[in-house]
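Here are my notes on this one, as numbered points. Have the viewer open while you read.

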Amino acid sequence: MLALRAVSKSYGAARALVDVDLQVHAHEVVAVIGDNGAGKSTLVGALTGALAPDTGEVLVDGQPVTLSDPSVARGLGIAAVFQDLALCANLDVVENLYLGHEAERGMLLDEVTMEKHAWELLNQLAARVPSVRVPVAALSGGQRQAVAIARSLLGEPRVIVLDEPTAALGLRQTAEFLTLVERLRERGHGVVLTSHSLADVQAVADRIVVLRLGRVNGVFDAARTSYEELLAAVTGIAR
Ligand SMILES: Nc1ncnc2c1ncn2[C@@H]1O[C@H](COP(=O)(O)OP(=O)(O)OP(=O)(O)O)[C@@H](O)[C@H]1O
């Protein structure tokens with residue numbers, strides 16, 4: 001569905017990505033893990049149109065595309081949720097979901113329809129939110145994450161890229177988030193998520209791509225790979 005082929009990106013002398021291949025299919029969760037500076041954010045940028053690779057290709061359904069900016073990526077069915085979630089704390093859940101979307105879709109929805117749709121989306125994600133009329137500031141980190149992901153679903157993306165989604169979450173919230181990712185997979189989305197946490201990605205990913213110093217240092221079947229093997233690939237230290 002979405003792929004990178006031989007993508008490289010440098011910042012001056014820093015080689016952030018070197019010859020990186022990556023694929024994500026429908027109904028699949030691909031985790032990208034790596035230490036600080038391994039290239040995860042740069043890879044997310046290349047997948048979501050936030051930055052242009054120096055060389056290599058981004059492919060959608062096997063066709064090379066140029067993701068000149070994030071709106072082009074969204075138009076091709078690639079949505080992104082970043083760690084900061086980009087929610088407005090003082091607005092409620094419904095307002096956050098539809099912020100900017102009415103104009104984008106050329107329609108004006110009434111409040112009742114928007115509220116109903118907000119519940120539908122959150123229920124599909126098995127997200128537990130006390131009310132869709134509370135300000136986002138009153139929600140937990142996990143609930144906010146669910147709202148940000150629900151918002152990304154409004155554009156009916158095929159692939160959802162989640163950048164460091166569990167970094168700011170507590171244990172229970174992380175467990176809820178993992179359920180939410182499983183829901184996305186059940187719904188047929190391809191999911192790419194980046195993480196520092198080997199345990200989280202082992203729990204939810206189908207495939208795990210390890211980045212080290214900008215290169216792919218291994219692609220692993222999550223079900224058949226031990227924590228130690230992943231750690232060795234991430235750090236480059238064989239045990
Ligand atoms: N705008 C930039 N200018 C210069 N160098 C950069 C820039 N962005 C990233 N880099 C360098 O590129 C490399 C990869 O960085 P990147 O942020 O993609 O890694 P990361 O795996 O996301 O790290 P982290 O987990 O710390 O966020 C690093 O060496 C980093 O210093």
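1. Is Ala73 buried or exposed? Keep in mind that this is a predicted model. With a relative accessibility of 1%, Ala73 falls under the 20% cut-off, so it counts as buried. You'll find Ala73 in helix 2, which covers residues 70–75.

2. Who sits around Ala73? If you leave out residues up to four places away in sequence, Ala73 touches Thr48, Gly49, Leu67 and Ile78. There's also a C-alpha separation to check in your viewer: 10 Å between Ala73 and Val58, which are 15 residues apart along the chain.

3. The Thr48 side chain has a polar contact with the backbone oxygen of Val44, at 2.8 Å. Again skipping residues up to four places away in sequence, Thr48 touches Leu67, Asp69, Pro70, Ala73, Ala80, Phe82 and Val161. Leu67 therefore turns up in the contact lists of both Ala73 and Thr48, as contact here means heavy atoms within 4.5 Å.

4. Now zoom out to helix 1 as a whole, residues 40–48. Eight of its nine residues are buried, so the rest of the structure largely encloses this helix. The buried ones are Lys40, Thr42, Leu43, Val44, Gly45, Ala46, Leu47 and Thr48. Note that Lys40 is on that list.

5. Four strands make up an open sheet in the order 2-1-4-5, and the pairing is antiparallel. Strand 2 (14–24) and strand 5 (63–65) are the edges, each pairing on one side only. From one strand to the next, the twist averages 35°.

6. A closer look at one pair in that sheet: strand 1, residues 2–11, pairs with strand 2 in the antiparallel sense, over seven bridges.

7. Asp221 lies in strand 10, residues 215–221, and counts as partly exposed because its relative accessibility is 33%, which falls between the 20% and 50% cut-offs. A polar atom of the Asp221 side chain lies 3.1 Å from the backbone nitrogen of Ala223. As for C-alpha atoms, Asp221 and Gln202 are separated by 9.4 Å and are 19 residues apart along the chain.

8. Last, the domains. The domain assignment gives domain 1 as 2–77 + 157–235 and domain 2 as 91–155, so if you select domain 1 by residue range, you need both segments, since the bounds come from that assignment. Taken over C-alpha atoms, the two domain centres are 25 Å apart. The contact takes 15 residues from domain 1 and 14 residues from domain 2.

9. How much area do domain 1 and domain 2 bury between them? The value is about 1200 Å², with 58% of it on carbon and sulfur atoms. The accessible area lost when parts come together is often used to give the size of an interface.

How values were computed: Residues numbered from 1 in each chain as written. Predicted model: local features only at pLDDT ≥ 70, side-chain atom pairs only at ≥ 80, totals over all residues. Heavy atoms only, no water. Pairing = 2+ DSSP bridges. Helix = DSSP H or I, 4+ residues; strand = E, 2+ residues; numbered from the N terminus. Axes fitted to C-alpha atoms, helices over the stretch in contact; angles between N-to-C directions. Buried < 20%, exposed > 50% of the residue type's maximum accessible area, 1.4 Å probe, protein only. Polar contact = N/O pair within 3.5 Å; in protein donor to acceptor, adjacent residues only side chain to side chain. Buried area = accessible area lost by both parts, 1.4 Å probe.
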